[in-house]
Amino acid sequence: MKYNEISHFSHPQHTLTFDYTETPFKCDGCKEVGIGSHYRCSFCDFDLHTHCAIPSLSIHHPFYPKCSFQFFSRPPGDAPRYCNACEKDITGFVYHCKSCGFDLHPCCAKLPMVLDDGETNLYLYRKVRAPCHKCGRKGRSWSYRSSCKKYNLHVACVREMLVENWHELYFGYGKGIKKLENRIPSLKNTLQTPHKRRKGKVKKCCEMAGLALQFVISAVLGDPTSLIAGVIGTLMS
């Protein structure tokens, strides 16, 4: 459900207004980068993912059928915690299961189980035995896999790409930047899976993998829409 204006406990001094941006921002709730639809206080340069602005008090996830995840405004306890979906550190808003100790970033918790990239469907899996097209490794984090089973992307690898290329946003130096100096690298230049096909088919495969990457990035950033996937495409070198 979308509201044009909300009040939020994390920013009591002003209301937050629904906004849309094609410039990446750092969410002041979960401390992760976002793009597209979000809630914003323009007076304070304060931004929240939609998932962080209107969280559920508790959620269940199909990957963890025995778990009940509760929303926390900060990581519980004193020990460092990491997201079980993307393996990145938890530094802000989080869904936490007290009985199992699992943690999920709000945007990771709400990752769509199916993404439609216009050519093929991408399905979210907890584990995939096939190698990731980015790192070449198996297993690791949650993964998106195409229905044709040719493309596999770790959610963790996508997170790492964003941190590497938007370092200033993640670590506080680029709040409010208007232009990205570091662009997202194209997946076609980092494919680890060897090809044994004709040149034309290799090119098509790489193009399809790049399109899949656009949609996975848009989902990880909190706005899994075709429009945002297209914006991501313009940011890819």
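**Burial, salt bridges and cysteines in a predicted model**

Of the protein's 237 residues, 50% count as buried, where buried means under 20% relative accessible area, exposed over 50%, and partly exposed in between (1.4 Å probe, protein chains only). The model is a predicted one, so local features need pLDDT of at least 70 and side-chain atom pairs count only at pLDDT 80 or more, while totals for chains, interfaces and linings use all residues. Residues are numbered from 1 along each chain as its sequence is written, and side-chain values use heavy atoms, with hydrogens and water left out.

As for the overall build, the protein has six helices and 12 strands; these are DSSP runs numbered from the N terminus, helices being H or I with at least four residues and strands E with at least two. Taking contacts (heavy atoms within 4.5 Å) between residues at least 6 apart in sequence, 49% join residues at least 24 apart. The accessible surface comes to about 11,900 Å², and 51% of that belongs to carbon and sulfur atoms. Such areas come from the Shrake-Rupley method with a 1.4 Å probe, and for residues only the protein chains shown count as cover.

Next come the charged pairs. The whole structure has five salt bridges, each being a side-chain nitrogen of Lys or Arg within 4 Å of a carboxyl oxygen of Asp or Glu. One of them joins Lys88 to Glu32, at 3.0 Å from N to O. Lys88 sits in the loop between strand 6 (64-72) and strand 7 (94-96), and Glu32 in the loop between strand 2 (16-26) and strand 3 (33-41), so this pair ties together parts 56 residues apart in sequence. Glu32 also pairs with Arg159, with 3.3 Å between the closest N and O atoms. Arg159 and Glu32 are both buried, Glu32 with a relative accessible area of 1%. Put together, Glu32, Lys88 and Arg159 form a network of salt bridges.

Another salt bridge pairs Asp45 with Arg40, their closest N and O atoms lying 2.9 Å apart. Asp45 is partly exposed at 25% relative accessibility, and Arg40 is partly exposed too, at 23%.

What about the cysteines? The structure holds zero disulfides, a disulfide being a pair of cysteine sulfur atoms within 2.5 Å. For Cys30, the closest cysteine sulfur is that of Cys52, and at 3.8 Å it is too far for a bond. Cys108 is in no disulfide either, with the nearest cysteine sulfur, in Cys83, 3.8 Å away. Cys30 is buried at 1% relative accessible area, and Cys108 is buried at 1% as well.
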